[in-house]
Amino acid sequence: MECHFRSSYLLPRRPSLLLRDSVFPAKLRLSKLKGSNLVNRLVIKSACGFGENGSVNGSPIAPNKVFMEEAIGAEYGEGFESFRPSGLLKVDVDFLNDRLQEGFLQRIRYAMKPDEAYGLIFSWDNVVADTRSLKLNAWKQLAFEEGKEIPECGDVQRLILYAGADHVLRKLLLWETSESELDRLKLRLSQLYYDNLLELRKPIEGLEEWLDAVSTARIPCAVVSSLDRRNMVEALERMGIKEYFQAIVSEEDGMESIAHRFLSAAIKLDRKPSKCVVFEDDPRGVTAAHNCTMMAVALIGAYPAYDLEQADLAVGSFNELSVINLRRLFAHKGSNFMDLQKQIVEKAPPRRRITTDTIF
């Protein structure tokens, strides 16, 4: 007996996020406030895109989300918890692989078109968009404003890009260590990053062609990020690739690790984690994908090829990929894969001894 359920029920929700749209309508009625200074301040803030507490376009800036080293997650196959009317539900890797089984009609369709059974998950940072340059420019602009300098050493800059803002400010750059000063610097750093994000117009080279190819093969795609959904959707629209993504995992989904974002994307795509392929450029993301029983394709660039050896496939750009590569990733999988096998030792036939009786 097959069990089916709506995948959206598994995703945890935040009450504050659910109430935000209903409490604050899109069009505010300000007829009673005409002529007051409050109206002018609201109009100015809306025109500039900044709201209270440093928000951008109505979305709060969370510096600890953008400039933070996230946990890998799912080291032992654990997932996240979701609340349902029947009670608490623990969603882990094995649970999703077991419950997200194809129905009868889906199995028939996938037998005829096996490519549609896959799900592709793209990391936002340096896979969809060149956020490495955006973050580095934000750090350099912040250093210029503070009258300081960013070291030109490549190793130091890599640590700056991939480490948390607290660690960078305190340990690497040795700037102010007071909590209030750190909060101010992190908030300003996030504002600079979002300003640079508005200038983003092109995706990673070859990505649009690759998305067009997998769209032709009817393979669903998802993009995951720690950005808020509004800024992420607007960035995808500016790059002209939003139509290729059937699912988006953003900060509002409340995922606590990289692996949890991948599992959330699999649920939204309605694909088993074991049938998903993750595109990453970070070894930590590759590890998170394998913890979720997903395949991992690594893009060489931010890290050299020898740091991405654990990936199932490493490529220099999306131009090197084709749909057949996805099939080959799953070609070795089967019921007998990695099962213990008996080694067959071929015995040589016994040699015939030549004796005097044989000769004569």
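What is the volume of the second largest pocket? The second largest pocket has a volume of about 480 Å³. The pocket search uses a 1 Å grid over the protein atoms alone; a pocket is an open set of points where a 1.4 Å probe fits, with protein on both sides within 12 Å along at least five of seven lines, and lining residues have an atom within 4 Å of a point. Grid points are joined across faces, edges and corners, and the volume is the space filled by probe spheres set on the points.

Two remarks on the source. This is a predicted model, in which local features need pLDDT of at least 70 and side-chain atom pairs count only at pLDDT 80 or more, while totals for chains, interfaces and linings use all residues. Residues are numbered from 1 along each chain as its sequence is written, and side-chain values use heavy atoms, with hydrogens and water left out.

By class, the lining has 11 nonpolar, 6 polar and 11 charged residues; here Ala, Val, Leu, Ile, Met, Phe, Trp, Tyr, Cys and Pro count as nonpolar, Asp, Glu, Lys and Arg as charged, and the others, Gly among them, as polar. At least two lining residues come from each of α3 (63–66), α6 (131–145), α7 (154–162), α12 (258–269) and α13 (283–291).

Next, the chain as a whole. It has 15 helices and 8 strands, which are DSSP runs numbered from the N terminus (helices H or I, at least four residues; strands E, at least two). Of its 360 residues, 44% count as buried; buried means under 20% relative accessible area, exposed over 50%, and partly exposed in between, with a 1.4 Å probe and protein chains only. Among contacts (heavy atoms within 4.5 Å) between residues at least 6 apart in sequence, 70% join residues at least 24 apart.

Leaving aside residues up to four places away in sequence, Glu69 touches Tyr162, Gly164 and Arg284. Its C-alpha atom is separated by 9.5 Å from that of Ser257, 188 residues apart along the chain.

I turn to the aromatic residues. Rings of Phe, Tyr and Trp (its six-membered ring) pair if their centres lie within 6.5 Å; planes under 30 degrees apart count as stacked, over 60 as edge-to-face and the rest as tilted. By this rule there are 7 aromatic pairs. Tyr118 and Phe330 form a stacked pair, 4.7 Å centre to centre with 10 degrees between the planes. Tyr118 lies in the loop between α5 (104–112) and β3 (119–123), and Phe330 in the loop between α14 (323–329) and α15 (356–359), so the pair ties together parts 212 residues apart in sequence. Tyr118 is buried, at 7%, and Phe330 is buried, at 10%. Lys275 lies over the face of Phe330, at 5.7 Å from the ring centre; the criterion is NZ of Lys or CZ of Arg within 6 Å of the ring centre and within 35 degrees of the ring normal.

Finally, backbone angles. Most residues other than glycine have a negative phi. Asn126, in the loop between β3 and α6, has a positive phi of about 65 degrees.
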